[in-house]
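Have the model open as you read.

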Amino acid sequence: MATDGRDIPQDTVLEFDVCVIGAGAAGITIARDFSGEHMRVGLLESGGFHYEKEVQKLYRGQNTGRPYFRLDEARLRFFGGTTNHWEGWCRPLDPIDFDQRDWVAHSGWPLTREELLPYYRRAHKLCQLGPFDYNPENWFSSWDGDAILRNSLKKIAPTVFQYSPPTRFGVEYRDELEQADNVEILIHSTVTELVPKRGAEEIKIARIRTLAGNEFHVKADHFVLATGGIENARLLLASNSVRPAGLGNRHDLVGRFFMDHPHFVAAALLPARRKLRLPFFKRREVDGTTVEGVLTVPPEIQKREMLLNLSVQLRPPKQLANTYLGADDGWLAVRDVFADMKRGNPPSDLARHLKRILGDLDGTIEGAYQEVSGSDTTVFPLFCRTEQCPNPVSRVQLSRETDALGVPRADLHWTLSRQDLQSVRRGMELLAMEMGRIGVGRVKVPATVDQWGSRIEGGWHHMGTTRMAHDPRSGVVDPQCRVYGLENLFVAGSSVFPTSGFSNPTLTIVALALRLSTHLKRLS
Amino acid sequence: MNSTSCGRRGFIVRLGMIVSPILVGLGVPLSSITSVLAGARSRSWTDGSVESLRESLGIVGQACSQVPTSKPSGPAGECRSGPRNPPSPQMHPEDVVSWWVEHRDEVLFRIEDDFEHERTRTVNGWILSETEAATYSVFRNLG
């Protein structure tokens with residue numbers, strides 16, 4: 001059954017056994033897993049079944065850290081959530097991603113990959129993927145031009161991603177949920193605050209408002225917050241009428257440790273042969289499953305070199321002069337200005353860029369000339385998707401501005417550390433040595449890691465802001481995703497990830513959601 | 001060696017002649033302009049592929065992954081009969097070329113071995129084996 005929150009009379013109180021806030025990949029997975037059970041589930045969605053501009057505006061926020069996407073473009077607020085623009089990349093986290101690593105501060109999950117494995121397998125079905133198999137040998141048995149990659153690599157290793165069609169969770173599972181007797185979908189119902197009982201460690205009600213102006217409440221035995229990596233923190237911080245610091249924030253951890261996967265061209269490969277063919281990196285369909293190869297650093301090398309996890313992909317060939325790796329500082333400054341403008345931002349630090357342009361005028365002119373004319377040095381850009389260190393300074397806070405429903409907007413301060421960049425740099429060196437050793441080609445890296453600068457973007461993967469840990473001084477939620485200090489509030493989604501690996505988060509989000517719904521069923 | 005810079009030189013000089021009076025008027029340092037007019041600087045170390053680097057080393061036709069017949073026995077990097085030092089920048093150009101031709105197998109081995117044992121140097125951002133890096137400096141002097 002589906003109800004439009006705008007039609008619910010003012011001050012109505014609805015009651016459920018389980019109230020799931022947010023109908024994205026995590027929320028839909030949990031509600032669907034309860035389908036047919038004896039418990040009544042309310043699935044609350046701020047948007048409708050389709051995109052609406054006014055609802056999307058509730059996502060507006062500010063970026064005060066390193067350049068990032070507009071917050072109302074980096075996610076979607078309607079039934080199905082951000083899966084509505086998901087590209088479909090799937091891969092589980094690696095075992096090493098769950099480990100406590102001496103060289104990565106704040107690393108270590110309170111569970112192992114082994115424990116998550118059965119849920120990963122179930123998640124595979126929900127994401128409409130092929131068999132749970134990420135061994136490249138099993139997918140690329142016919143690597144025609146890639147024997148050299150398959151047989152010779154030591155310090156780097158091939159691995160694969162699978163592709164979901166992609167599953168639009170809202171489209172794919174809507175009918176099933178609407179037909180479930182025990183599930184009620186409430187659209188246009190935005191939770192503006194979770195109100196705890198005074199003197200007790202549980203949530204009393206969820207306060208809900210709509211853009212039509214009415215307000216109502218939901219009571220439930222268990223609440224699950226599943227609104228995404230930025231909104232989960234925002235709502236906990238904004239739920240401050242009883243606890244001024246917000247919910248679950250006794251140790252000032254809510255919103256901290258925000259992570260994304262830095263995405264950028266970190267280096268370029270000059271091939272040994274003019275016509276280098278590496279079909280391994282091409283997306284292909286094998287027995288109905290779409291797969292694509294990437295290179296990564298094996299765990300033993302990560303340990304030895306004290307590296308973060310990392311993946312590298314060959315991008316289609318380009319002329320070196322048309323990459324930043326082949327350009328001089330003056331021309332790079334011009335490109336930096338254009339990059340800011342392309343993102344819709346005014347050029348940052350314009351005076352400094354102008355100084356760079358005028359100080360390297362010949363490089364600027366030459367870069368412009370090469371941009372127009374091209375040169376004959378063809379390289380393959382090496383595109384990295386990497387892990388970043390959990391960092392308490394990288395965080396989501398509340399802005400002074402409020403949205404149309406009176407909730408403070410999110411203020412995202414995304415930060416990368418020197419270690420994040422140095423780790424990629426070393427990863428590129430290892431790759432360069434392997435490419436040289438096996439005769440594939442030579443690799444060019446920028447002179448300093450600072451040259452990556454504003455070229456580093458995120459992947460719209462918002463993680464870490466309500467991290468999972470064994471004790472409340474290190475995390476916001478316990479190993480069962482329950483918020484410390486609140487008996488009946490749970491968190492689903494990538495905000496609970498203590499570390500991120502390099503794999504896209506959706507498959508792990510769905511696996512953790514299945515694990516949480518299993519836990520909630522046991523509690524009930 | 002610098003084929004990419006040759007074609008654009010005339011263009012930049014012409015462009016510089018047109019815009020330099022304006023730029024000087026705007027207070028741009030004359031040194032920046034003269035460096036443009038002096039010709040495009042050398043940045044490219046090959047004509048576009050590692051093959052051309054190998055060609056310039058005198059190892060035409062051999063793939064880097066191929067194990068040379070003269071590769072010394074024993075654990076890699078411990079027992080080598082190849083040249084201990086690459087040619088120095090002070091050598092006469094003709095001597096350098098003949099040196100490479102004479103030592104091509106040993107050089108090839110050293111390149112592989114350098115990468116294997118992480119004996120690399122970064123030249124203009126390119127991560128090269130020690131052997132290549134030394135060669136690069138020699139050939140740069142030749143150019």
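Predicted model: local features only at pLDDT ≥ 70, side-chain atom pairs only at ≥ 80, totals over all residues.

In chain A, β17(A) is joined by five bridges to β18 (residues 408-413), and the two run antiparallel. Strands here are DSSP E runs of at least two residues, and helices are H or I runs of at least four, numbered from the N terminus; two strands pair if DSSP finds at least two bridges between them.

Residues count from 1 along each chain as its sequence is written, chains are lettered from A and ligands numbered from 1 in written order, and side-chain values use heavy atoms, leaving out hydrogens and water.

## The rest of the sheet

Zoom out and you get an open, three-stranded sheet in chain A, ordered β4-β18-β17 with mixed pairing. β4 (61-63) and β17 (395-402) of chain A are its edge strands, each pairing on one side only. From one strand to the next, the twist averages 30 degrees.

Helix α8 (residues 231-238) of chain A lies across β17 and β18, at about 60 degrees to β17(A). Contact means heavy atoms within 4.5 Å; axes are lines fitted to C-alpha atoms (for helices, over the stretch in contact), with angles from 0 to 180 degrees between N-to-C directions.

## Cysteines

How many disulfides (cysteine sulfur pairs within 2.5 Å) does the structure hold? Zero, over all chains.

C389(A) is buried at 6% relative accessible area, and C481(A) is buried at 2% (buried is under 20%, exposed over 50%, partly exposed in between, with a 1.4 Å probe and protein chains only).

Terms used: Disulfide = S-S within 2.5 Å.
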